[in-house]
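Here are a few exercises to work through with the model open. Try each one yourself before you read the solution.

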Amino acid sequence: MSDRTTGRSAGFATRAIHHGYDPTEAEGAVTPPLHLTSTFAFESAEAGGEIFAGERKGNVYSRVTNPTVDLLERRVADLEGAEAALANASGMGSISALMWTLLSPGDEVIADQTLYGCTFAFLNHGLGKFGVKITHVDLTDPANLERAIGDSTRVVFFETPANPNMRLIDIAAISDIARAHGARTVVDNTYATPVLTRPIEHGADFVVHSATKYLGGHGDLLAGMICGPAEDMAAIRMFGLKDMTGSVLAPFNAMLVLRGLKTLELRMARHSESAMSVARALEAHREVEIVHYPGLESFPQHDLAKRQMADFGGMIAFEVKGGVAAGKAVMNRLKLIHRAVSLGDAETLIQHPASMTHSTYTPEERLDHGISDGLVRISVGLETVEDILDDLMQALEAGSAEKAA
Ligand SMILES: *Cc1c(COP(=O)(O)O)cnc(C)c1O
């Protein structure tokens with residue numbers, strides 16, 4: 001989409017609000033219509049046959065295409081700089097539809113050490129059962145991939161920043177190695193969003209999202225997205241989505257994600273600004289052992305963060321002195337901040353990965369995969385930052401007072 005007067009391409013926020021929609025095509029409605037329909041009428045029996053055969057454009061059934069979902073797909077593809085995108089019922093729906101399409105028995109997936117708990121379970125307890133080999137490699141050092149990659153490696157999969165410990169991965173370095181060996185790189189971009197990082201511009205083949213998080217942004221739906229080459233997206237639509245998972249995004253939820261996208265850039269700026277303040281305050285607190293936030297100078301991969309991210313996002317992981325029990329005690333003293341999983345909402349949310357989102361790992365696996373039992377994860381919301389800080393500080397101070405007493 002280009003600016004009509006200057007010819008330069010339109011900015012991110014403009015495209016997040018307008019891309020792919022012209023009100024004159026829908027009776028002038030400024031907000032795109034919601035197509036609540038499961039099936040579509042054919043002009044004639046012959047036309048229906050031609051659409052099925054792919055000889056004529058048209059909608060058949062909302063498990064394959066739906067105009068509201070289609071608008072969301074075109075808009076997210078544009079924001080990620082991808083040729084095409086596919087919407088799913090959840091982030092897990094996206095990851096499974098993509099993997100079922102790309103992989104066959106005998107293939108290998110190389111995944112980073114740290115993954116969201118259900119992704120870890122899908123790979124190790126799911127695909128592993130069907131003859132796909134899963135190898136975990138510490139991808140924070142690309143040399144490890146060079147050593148591990150082989151002829152049967154079909155997919156290299158990672159998150160950056162990773163859920164929950166915030167490790168970053170150099171997308172360009174990893175994608176280069178994968179491509180040289182004929183493997184496709186998949187980046188879970190849920191934490192960064194296309195506002196902060198666009199992995200395809202760094203050489204990745206595919207981007208997946210839990211759109212449940214920042215893209216939706218309001219904690220009122222589940223959704224997932226896959227972005228990548230048009231040919232692959234067509235294959236995933238007709239196999240991984242239509243036949244293997246049936247993981248279809250409802251048109252109503254597509255409309256809610258479209259609404260969320262309109263404020264994505266604004267929200268990410270606020271999430272990032274507030275998270276920076278929270279990370280600094282936590283780091284300065286005597287009850288806090290360690291803070292993992294890419295914006296901190298103390299973060300081991302701060303240079304990569306500055307190179308690869310436009311800003312540092314709304315997610316922080318930290319450990320309280322005294323380990324798991326002390327961390328849970330801090331969580332229990334919070335009054336404004338909700339104890340809840342998920343992330344990217346307007347509300348600040350806090351959770352304990354070892355007993356919640358990452359309990360799909362065994363304790364030994366968590367140790368191997370760098371997910372410390374004392375880690376607490378916070379999704380910094382959009383509330384007035386002083387209120388978020390006050391709540392966290394009173395919860396930490398009460399801990400010091402208890403110890404002193
Ligand atoms: C939440 C999450 C998922 C799974 O998405 P759902 O929408 O809950 O299915 C995948 N990856 C990451 C990084 C997540 O945070």
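**Exercise 1.** Find where P164 sits, and work out which peptide bonds around there are cis.

*Solution.* Start with P164: it's in the loop between β4 and α7 (helices are DSSP runs of H or I with at least four residues, strands runs of E with at least two, numbered from the N terminus). Next, look at the bond joining N163 and P164, which is cis, with omega about 10°. Then step back to P161, in the loop between β4 (153-159) and α7 (171-180); a cis bond joins T160 to P161, with omega about -10°. Most peptide bonds are trans.

A note on the ground rules: this is a predicted model, where local features need pLDDT of at least 70 and side-chain atom pairs pLDDT 80 or more, while totals for chains, interfaces and linings use all residues. Residues count from 1 along each chain as its sequence is written, and side-chain values use heavy atoms, with hydrogens and water left out.

**Exercise 2.** Which residues are closest to the ligand, and which side chains make polar contacts (pairs of N or O atoms within 3.5 Å) with it?

*Solution.* First, the surroundings: 13 residues surround the ligand (a heavy atom within 4 Å), the closest being G91, D188, S210, T212 and K213. Now the side chains. D188 has an N or O atom 2.7 Å from a ligand nitrogen. For ligand oxygens, the distance is 2.6 Å to an N or O atom of the T212 side chain and 2.8 Å to one of the K213 side chain.

**Exercise 3.** Where is E27, and what is its phi?

*Solution.* Go to the loop between α1 (12-18) and α2 (45-52), where E27 sits. Its phi is positive, about 60°, though E27 isn't a glycine.

Conventions. A polar contact is a pair of N or O atoms within 3.5 Å; within protein, one must be able to donate a hydrogen and the other to accept it, and residues adjacent in sequence count only if both atoms are side-chain atoms.
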